[in-house]
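Hello,

Here is the structure I promised to pass on.

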Amino acid sequence: MDPAEAWLFALASMTAVFLIVYYRENRAQKALLYALILGKAWAGVFWVLSIDKPILAVYRHVPGYGYVPVHIITANMTIFLLFLSSALATLFWPDIQRELRRELSHMRTGKA
């Protein structure tokens with residue numbers, strides 16, 4: 001399976017999950033969180049099944065062998081980590097928002 005086709009299928013399923021959860025629960029945060037968790041699962045599955053493209057390789061020089069790839073960063077690794085961080089930010093957004101409001105009010109008033 002081509003990576004583009006695989007991600008189109010994953011995107012369609014994430015959209016379907018978002019719409020179903022949103023219409024049943026009427027909460028965008030919960031629907032987004034479920035869609036991000038599903039996207040993270042798809043990225044993990046594609047990563048394991050090697051339906052992936054390398055985007056960056058880290059090389060190390062080994063005397064006698066030349067340059068040897070130490071670690072290859074793939075597109076699905078990046079997408080997996082982005083979906084994970086987005087899901088965590090969505091999950092903890094009420095706490096983040098509360099802290100941001102407090103910090104911004106301190107910056108405006110100049111109080112420590």
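This is a predicted model: local features need pLDDT of at least 70, side-chain atom pairs count only at pLDDT 80 or more; totals for chains, interfaces and linings use all residues.

Residues are numbered from 1 along each chain as its sequence is written, and side-chain values use heavy atoms, with hydrogens and water left out.

On confidence, the protein chain has an average pLDDT (the predictor's confidence in each residue, from 0 to 100) of 84, and 96% of the residues score at least 70. Among the elements of the chain, helix 1 has the highest mean pLDDT, at 88, and helix 4 (residues 93–109) the lowest, at 81. Helices here are DSSP runs of H or I with at least four residues, numbered from the N terminus.

For burial I use relative accessible area with a 1.4 Å probe and protein chains only: buried is under 20%, exposed is over 50%, and partly exposed is in between.

Leaving aside residues up to four places away in sequence, L32 touches F18 and T90; a contact means heavy atoms within 4.5 Å. L32 and T90 are 58 residues apart in sequence, yet their C-alpha atoms are 7.7 Å apart in space.

Over in helix 1 you will find S13, which is buried at a relative accessible area of 18%.

Two backbone details may interest you. N26 lies in the loop between helix 1 and helix 2 and has a positive phi of about 60°, although it is not a glycine. N26 is exposed, with a relative accessible area of 57%. After helix 2 comes S50, whose phi is also positive, near 60°.

Now to the surface. L81, L84, L88, L91, F92, W93, I96, L100, L104 and M107 form a nonpolar patch, with about 930 Å² of accessible area together. Patches are made of residues with over 30% relative accessible area and no salt bridge; nonpolar side chains (Val, Leu, Ile, Met, Phe, Trp, Tyr) are joined within 5 Å, and like charges within 9 Å. The areas come from the Shrake-Rupley method with a 1.4 Å probe, and for residues only the protein chains shown count as cover. Helix 3 and helix 4 each supply at least two residues of this patch, and the largest share, five residues, comes from helix 4. One member, W93, is found in helix 4 and is partly exposed, with a relative accessible area of 41%.

Which side chains pair up by charge? Side chains of opposite charge can pair when their charged atoms come close. I count a salt bridge when a side-chain nitrogen of Lys or Arg is within 4 Å of a carboxyl oxygen of Asp or Glu, and by this rule there are three:

- E25 with K30: the closest N and O atoms are 3.6 Å apart. E25 is partly exposed at 40%, and K30 is partly exposed at 25%.
- D95 with R98: N to O is 3.3 Å. Both lie in helix 4, three residues apart, about one turn of the helix. D95 is partly exposed at 39%, whereas R98 is exposed at 53%.
- E99 with R102: the closest N and O atoms are 3.2 Å apart. They are three residues apart in helix 4, so about one helical turn separates them. R102 is partly exposed at 43%, as is E99 at 38%.

Best wishes
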